[in-house]
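Ready for a few exercises on how a protein chain packs? Have a look at the structure, try each task yourself, and then go through the solution step by step.

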Amino acid sequence: MRTRPTKDQLAAAYGKTIADVIAPDLDVLFCGINPGLYSGALGLHFARPGNRFWPALYRGGFTPRQLDPSEQEELLGYGLGITNVVARTTARADELSPEEFREGGRLLTARVAEFRPRWLAVVGITAFRTAFGLPKAKVGPQDAEIGGARVWVLPNPSGLNAHWTPAALGEEFGRFRAEVHSE
């Protein structure tokens with residue numbers, strides 16, 4: 001059971017980075033916007049209670065049970081990984097500049113080309129639009145490849161993204177999983 005970070009630990013996490021969960025030739029590399037302070041303090045992706053990434057991953061059929069963020073390395077055994085558009089931790093994604101997103105998009109493209117996942121799944125439409133200069137992109141499959149990988153944009157699983165219910169997130173993750181496994 002993880003402990004909750006203290007106020008001092010959260011403050012100290014500002015601007016830190018979290019190691020990617022990545023390996024060559026994954027089926028899917030999931031890509032968050034950037035780590036929050038809670039994640040930075042724990043060194044775990046999507047660690048904040050209330051973030052719906054882990055439940056959506058399970059509901060969508062990517063994992064046989066709902067993993068805890070502390071089990072993130074188990075994703076590699078399922079052919080899955082995690083990275084971020086922007087590596088540095090912030091309290092809110094709106095603290096990131098458009099320039100950081102664009103630079104993050106360039107770095108992400110290089111990371112994808114190096115590790116060669118079959119799919120890149122970006123969780124956050126606004127981050128995707130900004131990072132790759134595609135203002136009209138919508139949730140779902142994208143026409144263009146990034147770094148040689150096919151691309152699917154998923155909704156942001158943050159609890160702040162309330163218009164996507166947990167059930168709807170699970171359905172969208174499941175729609176994506178069906179496409180991944182149809183090949």
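**Exercise 1.** Find the residues that Phe128 is in contact with, leaving aside neighbours within four places in sequence.

*Solution.* Contact means heavy atoms within 4.5 Å. With that rule, Phe128 is in contact with Val122, Gly133, Leu134, Ala137, Gln142, Ile146, Val151 and Val153.

Before you go on: this is a predicted model, where local features need pLDDT of at least 70 and side-chain atom pairs count only at pLDDT 80 or more, while totals for chains, interfaces and linings use all residues. Residues are numbered from 1 along each chain as its sequence is written, and side-chain values use heavy atoms, with hydrogens and water left out.

**Exercise 2.** Explain why the pair of Trp119 and Trp152 is edge-to-face.

*Solution.* Rings of Phe, Tyr and Trp (its six-membered ring) pair if their centres lie within 6.5 Å, and planes over 60 degrees apart count as edge-to-face, under 30 as stacked and the rest as tilted. The centres of Trp119 and Trp152 are 6.2 Å apart and the planes are at 65°, so edge-to-face it is. Trp119 sits in strand S3 and Trp152 in strand S5, so this pair ties together parts 33 residues apart in sequence.

**Exercise 3.** Is Thr83 buried or exposed, and which side chain does its own side chain make a polar contact with?

*Solution.* First, find Thr83 in strand S2 (residues 80-84). Its relative accessibility is 0%, so Thr83 counts as buried. Then check the side chain: there is a polar contact with the side chain of Asp20, at 2.8 Å. (A polar contact is a pair of N or O atoms within 3.5 Å; within protein, one must be able to donate a hydrogen and the other to accept it, and residues adjacent in sequence count only if both atoms are side-chain atoms.)

Key:
Helices (H or I, at least four residues) and strands (E, at least two) are DSSP runs, numbered from the N terminus. Buried means under 20% relative accessible area, exposed over 50%, partly exposed in between (1.4 Å probe, protein chains only).
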